[in-house]
Amino acid sequence: MNWKFYSLLNPNNQYMRYLYLLILLSSSAMAQNGDMHNKGEVYVFPNTLVSVMSDFFNEPTATFVNDGEVYLHGDLKNDGVLDYIDASGLVIFTGIKKQKILGAEPLYFSNILFQNTSEATPFQLYNEINADGLVSFNNGIVDSDNFGGAFIFRANANHVNTSDFSHVDGGVEKTGDKDFNFPIGDGGYYRFAGLSALETPKNYKAKYFLENSNFLFPHHLRSDIVAQINNKEYWTLEPIASTEENIMISLSWREETSQEEVIAAPQEERIHIVRWDEEANKWIDEGGVVDLNDKTVSTSVNKFGVFTLARIKSNINSPCEILVYNAVTPNNDGINDYFRIERTDNTCAQNLKVQIFNRWGIKVYESNNYGYGGNVFRGYSEGRVTINDDKQLPSGTYFYVINYDYNTNEGVNHHKQAGYLYLSGN
């Protein structure tokens, strides 16, 4: 017969809230090898603890809904419905050997805790995990790369405690419009890539490779400004659906994994993000602003694919002579009342585009024809931005990105530069 369990204990009694589903529950709830099989309906009430000591199989006819705490000590295979209702539901993977997460139907969890110290990479992810709440990476790397699994962080999901000892080795997808650091790594190293808050909810997927990208994307094919490309690691970042939206991305560097010559003397701010452009068949400089405390480089992009860090040449100046004044004090005293960009030759820098982001990566200003018709940044949010138009912005540090086209003997080229902007006086 099918087995069905609706928490028999009083969930408010702290002495009676522990329930252990052992392989001795009933003969119909276990296979010949002692594994636990659910063939019916199970609901775990809030404040109720369930511990499955063996492998757990949720059969095609079964429904398992967890709003309490479920400890899984073995493999988990879901061919039915495995979901939650209450946001407080928690699933803890805490075996003493490798744990396979597999099945034909995706898994839906509110909160997840990975806690398995049996080996460095104890979790083998064959299935699709959907997380809606908080994922705690306490111990154990989740390997989806070698087993074809998928890890999706839904709109309100996030993660904590992520480290070399616990992260996702493989691709991670994020949905929604919130800023997010992808908990990705490779070769036993946690090497996140960051994504800023978005104007509209979208899905992005990121993956980290502790490999030399030169074999797939030759490093000698690169923009003139690029002196050296990281030959030890790279990332992929792709939207699930095509988009032209500009977003802020961040890549991190570490002495243990990044090429020493690329990340040397970061205070010189010669570390940029580069992207492999399939159409141009070369690495394109995407610019970048260095954060020495977080060891990250950030920039705005609207094309995606393969990214890594690179060192730019020290003797390369802007192809058009422009001067950027990065202090804005909009107090109408005639000095730095707006973000000034001076061009000695107005015919050189064409289609001047300016974007300004706040410290959280939210775009607060954008202009595709900067400087004409009074179109300048005066400390107010304007244009196609993620917050209300014509709103006075607070004093603080902002991030600017400047793009423009210029003519050469070979045709029209593109230049991009980024930096910090200091807004005060509001």
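E256 sits at 47% relative accessibility and so counts as partly exposed, a label covering the range between buried (under 20% relative accessible area) and exposed (over 50%), worked out with a 1.4 Å probe and protein chains only. Its salt-bridge partner is R254, with the closest N and O atoms 3.3 Å apart; a salt bridge here is a side-chain nitrogen of Lys or Arg within 4 Å of a carboxyl oxygen of Asp or Glu. R254, for its part, is buried, at a relative accessible area of 18%.

The model is a predicted one, so local features need pLDDT of at least 70 and side-chain atom pairs count only at pLDDT 80 or more, while totals for chains, interfaces and linings use all residues. Residues are numbered from 1 along each chain as its sequence is written, and side-chain values use heavy atoms, with hydrogens and water left out.

Back to the charges: the structure holds 15 salt bridges. One of them pairs R270 with E268, whose closest N and O atoms lie 3.6 Å apart; E268 is partly exposed, with a relative accessible area of 43%. Shared partners also link R275, D277, E286 and K416 into one salt-bridge network. Elsewhere, K77 bridges to D79, with 3.8 Å between the closest N and O atoms, and K77 is partly exposed at 28% relative accessibility.

As for the fold, the chain has one helix and 44 strands, taken as DSSP runs numbered from the N terminus (helices: H or I, at least four residues; strands: E, at least two). Of its 426 residues, 52% count as buried. Contacts (heavy atoms within 4.5 Å) were also sorted by sequence separation: among those between residues at least 6 apart, 51% join residues at least 24 apart. The accessible surface comes to about 19800 Å², and carbon and sulfur atoms account for 47% of that; areas come from the Shrake-Rupley method with a 1.4 Å probe, and for residues only the protein chains shown count as cover.

Then there is the inside. A nonpolar core is a set of buried Ala, Val, Leu, Ile, Met, Phe, Trp, Tyr and Cys residues joined through side-chain atoms within 4.5 Å, and the largest one has 55 residues. Those with the most contacts inside this core include F93, F109, I112 and F114. Setting aside neighbours within four places in sequence, F93 touches residues including L72, L76, I101, F109, I112, F114 and F123, as well as Q99, Q115 and N116. A second, separate core of 24 residues includes F339, A349, I356 and V364.
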